[in-house]
Every structure is written in structure tokens, then in C-alpha cells.
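Please look at the sequence and the model below before reading on.

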Amino acid sequence: MKQHHPLYDPPLTSESLAEYRTSLFNGQAQELFLHIGHFNVWYGTAEFALTMLLHTFSGGGHPPLFHALTRGMDGKIKVERLKALMKIHGWKLEPGLEKRFEHFLVIIGIRNGLAHSHFYW
């Protein structure tokens, strides 16, 4: 059986991949990659905290059922639902938390712009 040979690129080896990765992540853009990665980790953690608050304020239902309900929700929907749950329970939204929600809603646009861009992938 004949070996497959790519038409344009040389075959990818672990050495060439390591060289490419080193040149990409240790060059001038190293700090940019670090900041984008840190931002994505921060955003994921904040969104997970919102999900856990939703779980707690909605009565702490069975985790797989709750996951089925919240899977696919973006941060904006989670903030809206969290505010609605607080209103149902008669809890007042403190100004500090309201400001954080407003800031998070701005951050969602930045995160979506990064996550859905060619640069990120």
C-alpha cells in the first residue's frame, strides 16, 4: 500500500510541530496569547459562578436535569434569569452586584468577538 503524501506541505512531525509552537508562542505575540488565555479562563470562571448561583437560587434541583436546562445558555441569558429568580424570591439586587452584572454584559461582547474570530482559533 502506498503512503499518503500531502500535495503542498511537508509531512508534519513532532519536531516540526514543536518548532512551530516555539516560534509562535515565544515570539513577539507571546504576551498577547497569555492575556487572551487569561481572559478566557476568567470569563469561563465567572460564567460558571453565574450557573452555580442559578442552581442555588432555583432550588438546587438534580444536577443532570439542571445541566440539561442551562446547557447552551450564554452569559446574557444567565444574568437575565438570575435577576428574574431574585425578583421571584423578593430579594433586592444591591447596587454593587448590579454594576458587576452591567460590566459582565459588556464583557460578553468582547468575549464573543474573541471566541468567534479567526485569530482565536
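## Overall picture

Of the 121 residues in the protein chain, 20% are buried, where buried means under 20% relative accessible area, exposed means over 50%, and partly exposed lies in between, as computed with a 1.4 Å probe on protein chains only. This is a predicted model, in which local features need pLDDT of at least 70 and side-chain atom pairs count only at pLDDT 80 or more, while totals for chains, interfaces and linings use all residues. Residues are numbered from 1 along each chain as its sequence is written, and side-chain values use heavy atoms, with hydrogens and water left out.

The protein chain has five helices and zero strands, and its elements run α-α-α-α-α from the N terminus on. Here helices (H or I, at least four residues) and strands (E, at least two) are DSSP runs, numbered from the N terminus. Among the contacts in the protein chain with a separation of 6 or more, 71% are between residues 24 or more positions apart, a contact being heavy atoms within 4.5 Å.

## Two salt bridges

How many salt bridges does the structure hold? There are two, and the term stands for a side-chain nitrogen of Lys or Arg within 4 Å of a carboxyl oxygen of Asp or Glu.

| Lys | Glu | Distance, N to O |
|---|---|---|
| Lys-78 | Glu-47 | 3.4 Å |
| Lys-83 | Glu-98 | 3.3 Å |

The side chains of Lys-78 and Glu-47 form a salt bridge, and this pair links distant parts of the chain, since Lys-78 belongs to helix H4 (residues 75-89) and Glu-47 to helix H2 (residues 30-57), 31 residues apart. Lys-78 counts as buried because its relative accessible area is 8%, and Glu-47 is likewise buried, with a relative accessibility of 14%. Leaving aside residues up to four places away in sequence, Lys-78 touches Glu-47, Leu-50, Thr-51, Leu-54 and Met-73.

The other salt bridge is formed by Glu-98 and Lys-83. Because Glu-98 lies in helix H5 (residues 95-115) and Lys-83 in helix H4, the pair ties together parts that are 15 residues apart in sequence. Glu-98 is partly exposed, with a relative accessible area of 23%, and Lys-83 is also partly exposed, at 30% relative accessibility.

## How H4 packs against H5

Two packed helices are described by the angle between their axes and the distance between the axes. For H4 and H5 the angle is about 160° and the axes are 9 Å apart, where axes are lines fitted to C-alpha atoms, for helices over the stretch in contact, and angles run from 0 to 180 degrees between N-to-C directions. H4 is therefore roughly antiparallel to H5, a description used for angles over 145 degrees, whereas those under 35 count as roughly parallel, 65 to 115 as roughly perpendicular and the rest as oblique.

Which residues make the contact between H4 and H5? On the H4 side they are Gly-75, Lys-76, Val-79, Leu-82, Lys-83 and Met-86, and on the H5 side Leu-97, Glu-98, Phe-101, Phe-104, Leu-105 and Ile-108. By class, this contact has eight nonpolar, one polar and three charged residues, with Ala, Val, Leu, Ile, Met, Phe, Trp, Tyr, Cys and Pro counted as nonpolar, Asp, Glu, Lys and Arg as charged, and the others, Gly among them, as polar.
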